[in-house]
Amino acid sequence: MEYTDDILIFKTNVKSAPDQLRLKELFDSIPSINNWNVDADDIDCVLRIVTRQVQADDIIKLLTATGYQCQELE
Amino acid sequence: MRVRDEHKEATIRQKAMEMIVAEGFHGFSMQRLAKAANVSPATIYIYFKNKEDLLNSLYNDVHQTFARVALENFDPNASLEDGLWLQWKNRMKFIFEYPSHYRFYDQFRNSPLIHHKDIKESGFKEAMKSFVMNAIIRDEMARIEPETFWSIAYGPFYSLLNFHLMGKSMMSDQYTVSDEKMKRLLRLVLKALRP
């Protein structure tokens with residue numbers, strides 16, 4: 001059972017395969033991220049993360065520090 | 001903790017199906033769906049990972065409904081005539097009760113999307129297979145390939161039904177099916193299937 005508040009949704013500019021690989025390296029090091037994907041077909045390159053512990057702000061800080069745009073999708 | 005809102009999810013599914021039926025797969029996007037369903041794009045992503053995930057989930061859901069309706073009161077040991085008649089009746093019921101489901105189902109099955117690894121087929125196929133095998137064993141029908149069987153047993157049915165759904169045929173501007181017309185067609189189909 002997935003609870004909806006365990007799912008974080010962001011608008012990003014993670015588009016290409018190398019970008020996604022970079023993200024994989026980042027997220028692989030965070031065990032509390034259970035599942036994630038980027039919808040590269042979408043205009044907002046939506047990043048979807050299933051996690052119980054990580055906060056949205058932490059993800060935004062992490063991606064921004066890595067050089068990507070990232071904000072919570074309304 | 002907030003649990004999935006099934007009502008909201010159902011609205012998104014229904015809207016997505018209607019959009020695809022009206023406009024096809026090509027122009028469909030999560031953004032446009034959000035607008036049409038009057039929810040934020042983020043809400044859609046709560047329920048579905050991406051467009052592919054949404055479409056596969058829609059199809060699997062519709063297939064389940066189709067299989068449930070098609071198998072209602074169906075006995076794979078029934079005679080060819082009774083079994084096929086019930087299949088036609090049940091399929092008509094599905095098409096009339098769930099028109100957008102049917103059109104989505106038809107579109108999806110005729111697109112390359114049907115080959116996706118996440119597409120699940122239920123026990124429906126097995127029930128149909130054993131129905132046909134039983135009819136062959138009882139010598140009620142010729143031993144023919146499954147594709148040939150389907151073409152004869154269901155091709156005419158869907159063709160006639162399509163005239164009804166279009167509301168017209170090449171001969172008349174107003175065409176509607178009836179049980180009587182379907183029964184007449186069934187008798188011809190059974191004749192063609194005989195050994």
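# Briefing on chain B

B:N38 is placed in the loop between α2 (30–37) and α3 (41–47) of chain B. This is a predicted model, in which local features need pLDDT of at least 70, side-chain atom pairs count only at pLDDT 80 or more, and totals for chains, interfaces and linings use all residues. Residues are numbered from 1 along each chain as its sequence is written, while chains are lettered from A and ligands numbered from 1 in the order in which they are written.

- B:N38 has a positive phi of about 60° although it is not a glycine.
- B:N38 counts as exposed because it has 10 C-beta neighbours inside 10 Å.
- B:N73 sits in the loop between α4 and α5 (80–97) of chain B.
- B:N73 has 8 C-beta neighbours inside 10 Å, so B:N73 counts as exposed.

**Chain B as a whole**

- Chain B has 10 helices and 0 strands. Helices (H or I, at least four residues) and strands (E, at least two) are DSSP runs, numbered from the N terminus.
- The C-alpha atoms of chain B fill a box of roughly 60 × 40 × 30 Å along the principal axes.
- Chain B has 195 residues, and 21% of them count as buried.
- Among contacts in chain B with a separation of 6 or more, 65% join residues 24 or more positions apart. Two residues are in contact if their C-beta atoms, placed from the backbone, lie within 7 Å.

**Helix α4 and its partners**

- The axes of α4 (residues 51–70) and α6 (residues 99–109) of chain B come within 10 Å and cross at roughly 120°. Axes are lines fitted to C-alpha atoms, for helices over the stretch in contact, and angles run from 0 to 180 degrees between N-to-C directions.
- α4(B) and α6(B) are therefore oblique to each other. Angles under 35 degrees count as roughly parallel, over 145 as roughly antiparallel, 65 to 115 as roughly perpendicular and the rest as oblique.
- On α4(B), the contact with α6(B) uses B:L58, B:Y59, B:V62, B:T65 and B:F66, and on α6(B) it uses B:H101, B:F104, B:Y105 and B:F108.
- By class, the residues of this contact are 7 nonpolar, 2 polar and no charged. Ala, Val, Leu, Ile, Met, Phe, Trp, Tyr, Cys and Pro count as nonpolar, Asp, Glu, Lys and Arg as charged, and the others, Gly among them, as polar.
- The axes of α1 (residues 6–23) of chain B and α4(B) come within 11 Å and cross at roughly 95°. α1(B) and α4(B) are therefore roughly perpendicular to each other.
- B:R13, B:A16 and B:M17 of α1(B) meet B:L54, B:L58 and B:D61 of α4(B) in this contact.

**UniProt annotations**

- An unreviewed UniProt entry places "domain: HTH tetR-type" at residues 6–66 of chain B. UniProt positions are given in the numbering used here, feature names are shortened, and annotations may be inferred rather than shown by experiment.
- In the model, residues 6–66 of chain B are 80% helix and 0% strand.
- UniProt (unreviewed entry) lists residues 29–48 of chain B for "DNA-binding region". This span is 75% helix and 0% strand, and its end C-alpha atoms lie 13 Å apart.

Terms used:
A residue is buried if 20 or more other C-beta atoms lie within 10 Å of its own, exposed if 12 or fewer, and partly exposed in between; C-beta atoms are placed from the backbone.
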